[in-house]
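I opened a new notebook page for this chain. I wanted its overall build first, then a few single residues.

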Amino acid sequence: MTQAPETSRNAEKTMLRALRGETLARPPVWLMRQAGRYLPEYRELRARAEGFLDLCYTPDYAVEVTLQPIRRYGFDAAILFSDILVVPHALGQKVWFEEGVGPRLEALEEASDLDRLDPAALHERLAPVYRTVARLSRELPAETTLIGFAGAPWTVASYMLEGGSSKDFAAGKRWAYGDPEAMQRLIDLLVAATGDYLIAQIDAGAEAVQIFDSWAGVWPEAQLRRWCLEPAKALVKRLKAERPGVPVILFPRGAGLLYQTYAAESGADALGLDTTVPLGWAREVLQPKVCVQGNLDPLALVAGGESQRAAVETILRELSGGPFVFNLGHGIVPQTPPEHVAQLMEQIRAWPGAGGW
Ligand code: CP3
């Protein structure tokens, strides 16, 4: 494959053009969790790996898994295959994945447990992830944008404090309300480590980065501002100062009306919209300020058929008049039939089509 100089290649990628604020006739598309258990080729490779973290830390596996959905569907962007929990793992916390349960961590119980987290070995432990990024930036098709990612400080902290997934976030809230100084120490530590991690991904070849704040929506306004918005602002500020020109996508899932505050204050180039964000409001209030990405209900993609087609059409009509990246409102779920994703791609490729507007 012959390659034009880096900058002119980047300038042509539709995903980067949308993130920089261009309105495109046909929006770029990728799906959160596009690599994963709904694909038989992922399940086959997963069965061969020692465990989920082994997949994340073995570049041969992680490169292959990242490429699987690109080969099948030709998405406009590939997201590095890894997990948000590699950061606590690299800080020295015990992290493991239990079959049928999900992620497990040895929970931090009191403020003094923070002393055991050690950022010194971060880059050494995450080096395999950087090698994966570097290989992907060479192996991806020239038109495909490579997205790096990390969890937002609060979302990652919630797993570190709960010891896994949670329904009520009781431990995180106990820290935040009961000992805000300790919570602030943890969040500050994660802002620093996450910034270091994203910058290293960019230096290895990531062309845009997404920060997943999957649990932003559990807080009242004041706490959302302190534990989600402020850390996001600090991260964006550092990325913009140290790696200007690399677009940043924030996904503050469940932020509700505070999406408007994110659009005004975060400094992000794009906001990932969850499934509940009204499309007309997003178009009128958010899109004049930022590129928006989203927000098909992942369960509509499981159902398929006419309800899927109609939901996709509505999103395209409402949002493709401004800077827009088609995506889901949350990650694709394992029971998604792969052929429904193929139908989604056909529909988006045909947009706006004959008689479109
Ligand atoms: O999007 C992609 O294709 C890239 C890979 C990716 C994974 N996790 C792979 C994964 C990304 C971007 C993530 C992010 C992630 N991980 C988030 C934020 C986004 C979101 O979905 O809210 C969170 C909260 C996690 C933590 C996590 N990892 C959970 C809760 C689970 C268990 C639930 C589940 O879906 O299995 C994981 C495991 C995980 N991460 C899997 C994959 C493909 C499944 C692991 C397996 O194969 O058994």
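My entries follow, from the whole chain down to single residues.

**Ground rules**

I worked from a predicted model, where local features need pLDDT of at least 70, side-chain atom pairs count only at pLDDT 80 or more, and totals for chains, interfaces and linings use all residues. Residues are numbered from 1 along each chain as its sequence is written, and side-chain values use heavy atoms, with hydrogens and water left out.

**Whole chain**

I looked up the secondary structure first. The protein chain has 16 helices and nine strands. Helices (H or I, at least four residues) and strands (E, at least two) are DSSP runs, numbered from the N terminus. The radius of gyration is 19 Å, close to the 21 Å that the globule rule gives for 357 residues, so the chain is as compact as a globular protein of that length. That radius is taken over C-alpha atoms, and the rule is 2.2 Å times the number of residues to the power 0.38.

I then checked the box. Along the principal axes, the C-alpha atoms fill roughly 65 × 45 × 40 Å.

How many of the 357 residues count as buried? I found 57%. Buried means under 20% relative accessible area, exposed over 50%, and partly exposed in between (1.4 Å probe, protein chains only).

I also looked at contacts, meaning heavy atoms within 4.5 Å. Among those between residues at least 6 apart in sequence, 74% join residues at least 24 apart.

The accessible surface comes to about 14,600 Å², and 52% of it belongs to carbon and sulfur atoms. Such areas come from the Shrake-Rupley method with a 1.4 Å probe; for residues, only the protein chains shown count as cover.

Charges came next. The mean positions of the 36 positive and 44 negative charges are 2 Å apart. Lys and Arg count as positive and Asp and Glu as negative, while His and the chain ends are not counted. Each charge is placed at NZ of Lys, CZ of Arg, CG of Asp or CD of Glu.

**Strand pairs**

Strand β2 (residues 95-98) and strand β3 (residues 102-105) run antiparallel, joined by four bridges. Two strands pair if DSSP finds at least two bridges between them. Trp96 stands opposite Arg104 in β3. Three residues lie between the strands, and Gly100 takes a positive phi near 80°.

Next I took β7 and β8. Strand β7 (residues 270-272) runs parallel to β8, with three bridges. Leu271 faces Val292 in β8. I noted that β8 is mostly covered, with six of its six residues buried.

Most residues other than glycine have a negative phi, and most peptide bonds are trans. I looked for exceptions.

Which residues does the cis bond with omega about -25° join? It joins Gly294 and Asn295. Asn295 lies in strand β8 (residues 291-296). The bond from Trp351 to Pro352 is also cis, with omega near -5°. Pro352 sits in the segment after α16 (338-350).

Arg33 has a positive phi near 60° and is not a glycine. I found Arg33 in the loop between α2 (14-19) and α3 (40-48). Is Arg33 buried or exposed? At 54% relative accessibility, Arg33 counts as exposed.

Phe169 has a positive phi of about 55°. Its loop runs between α8 (153-162) and α9 (170-178). Phe169 is buried, at 4% relative accessible area.

Leu316 is in helix α15 (residues 305-319). Its relative accessible area is 0%, so Leu316 is buried. Beyond neighbours within four places in sequence, Leu316 is in contact with Pro27, Phe324, Phe326, Ile348 and Trp351.

Gln210 is in strand β5 (residues 208-213). Gln210 is buried as well, with 0% relative accessible area. Not counting residues up to four places away in sequence, I listed what Gln210 touches, including Trp30, Met32, Phe149, Phe251 and Gln293.

Thr261 lies in helix α12 (residues 259-265). At 13% relative accessible area, Thr261 counts as buried. With residues up to four places away in sequence left out, Thr261 touches Arg225, Leu229 and Ser266.
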